[in-house]
Amino acid sequence: MLELDGSIWFRSGAQTWGGKNRIDLLAQIDATGSITAAARAVGMSYKGAWDAIDAMNNLAGEPLVIRAAGGKGGGGTRLTDRARSLIATFRAMEAEHRKFMENLTRAGVTASGDIDLMRRFMLKTSARNKLLGTVIQIRAGAVNDEIVLRIAGGLTITATITRESTQELGLATGKEAIALVKASSVIVGAPGPGLRLSERNQLPGKITALRPGAVNSEILIGLEGGVTLAAIVTNESAQDLALDVGADAVAIFKASSVILGVLD
């Protein structure tokens with residue numbers, strides 16, 4: 001008899017929030033107040049832990065983890081009530097899921113040939129930025145439609161997609177959707193009176209992290225409502241713009257660079 005096993009995963013549209021590891025990360029942050037200690041406890045890298053937190057914050061539509069600025073004694077990190085509720089819900093679901101899998105095994109249910117098929121259904125995306133929003137406007141065109149989403153913090157994102165895609169996704173005012181934007185599609189601008197660009201999406205924020213590489217740097221921009229956007233710029237550009245943690249910045253990207261997914 002085939003023994004069944006499984007785990008609980010939180011998903012939002014095409015994007016996986018994560019499962020036990022990410023919930024354990026949140027629980028360790030609550031226990032230690034430290035990203036470094038929490039990441040070590042669950043076997044994640046420091047960068048991997050922050051990437052997971054940014055993804056969960058963005059997709060929740062509200063902050064789950066609040067970061068505090070470092071000082072003489074170092075910065076602290078705390079969970080919101082929403083995050084604690086999420087942990088409690090996951091633990092309860094995990095216990096029920098364990099009972100469910102045990103019952104299936106006792107009943108002799110088999111899964112031969114089905115596992116690989118189900119895994120193919122669960123497609124993932126390489127887009128670095130995944131933002132949960134609500135459709136507030138659809139501007140219909142002859143070929144393409146403009147879809148306006150409101151995300152956390154009251155900010156809006158505009159996407160240009162084909163009319164056919166609008167219909168296939170069932171997009172309508174009030175429907176939730178996820179906006180996917182590659183980090184390489186995001187331009188970082190320094191705000192000022194002379195900044196005039198044609199791109200539809202220009203989201204102001206502050207730089208929360210700067211991760212230099214051999215050629216390029218990853219820039220994280222914190223927006224209103226706890227949303228974080230990642231951008232990839234050359235090291236030369238980062239130096240020319242004097243980009244640094246705490247500096248004001250504008251995340252800029254074309255409407256055509258936004259891919260939309262629905263939460264069905």
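**Charges and helices**

Guide: Let's start with charged side chains: a network of salt bridges links K47, D51, R128, R211 and E218. Keep in mind that this is a predicted model.

Visitor: Okay, how many salt bridges are found in the whole structure?

Guide: A search of the whole structure turns up 14.

Visitor: Can we zoom in on R84? Which residue does R84 pair with, and how far apart are the closest N and O atoms?

Guide: R84 makes a salt bridge with D30, and the closest N and O atoms are 3.0 Å apart. R84 sits in helix α4, residues 81-107, while D30 sits in helix α1, residues 20-32, so this pair ties together parts that are 54 residues apart in sequence.

Visitor: Is R84 buried, exposed or something in between?

Guide: R84 is partly exposed, with a relative accessible area of 36%. D30 is partly exposed too, and its relative accessible area is 36%.

Visitor: What about D81, which residue does D81 form a salt bridge with?

Guide: D81 forms a salt bridge with R84, with 3.5 Å between the closest N and O atoms. D81 and R84 are 3 residues apart in helix α4, so about one helical turn separates them. D81 counts as exposed, at 64% relative accessibility.

Visitor: Where is E199 found, and what is E199 in contact with?

Guide: E199 is found in the loop between β9 and β10. Leaving aside neighbours within four places in sequence, E199 is in contact with I187, I252, F253 and K254.

Visitor: Switching topic: at what angle do α2 and α3 pack?

Guide: Helix α2 (residues 35-42) and helix α3 (residues 46-60) pack at about 100°, and their axes are 9 Å apart. That is why α2 and α3 are described as roughly perpendicular to each other.

Visitor: Which residues make the contact?

Guide: From α2 there are I35, T36 and A39, and from α3 there are Y46, A49, W50 and I53. By class, the contact of α2 with α3 has 6 nonpolar residues, 1 polar and no charged.

Visitor: How about α1 and α3, at what angle do their axes cross?

Guide: Roughly 100°, and the axes of α1 and α3 come within 11 Å. That makes α1 roughly perpendicular to α3. The contact is made by R22, L25, L26 and I29 of α1 together with A49, A52, I53, A55 and M56 of α3.

Visitor: How many of those residues are nonpolar, polar or charged?

Guide: The contact of α1 with α3 has 8 nonpolar residues, no polar ones and 1 charged.

Definitions and conventions
Residues are numbered from 1 along each chain as its sequence is written. This is a predicted model: local features need pLDDT of at least 70, side-chain atom pairs count only at pLDDT 80 or more; totals for chains, interfaces and linings use all residues. Side-chain values use heavy atoms; hydrogens and water are left out. Axes are lines fitted to C-alpha atoms, for helices over the stretch in contact, and angles run from 0 to 180 degrees between N-to-C directions. Helices (H or I, at least four residues) and strands (E, at least two) are DSSP runs, numbered from the N terminus. Angles under 35 degrees count as roughly parallel, over 145 as roughly antiparallel, 65 to 115 as roughly perpendicular and the rest as oblique. Contact means heavy atoms within 4.5 Å. Ala, Val, Leu, Ile, Met, Phe, Trp, Tyr, Cys and Pro count as nonpolar, Asp, Glu, Lys and Arg as charged, and the others, Gly among them, as polar. A salt bridge is a side-chain nitrogen of Lys or Arg within 4 Å of a carboxyl oxygen of Asp or Glu. Buried means under 20% relative accessible area, exposed over 50%, partly exposed in between (1.4 Å probe, protein chains only).
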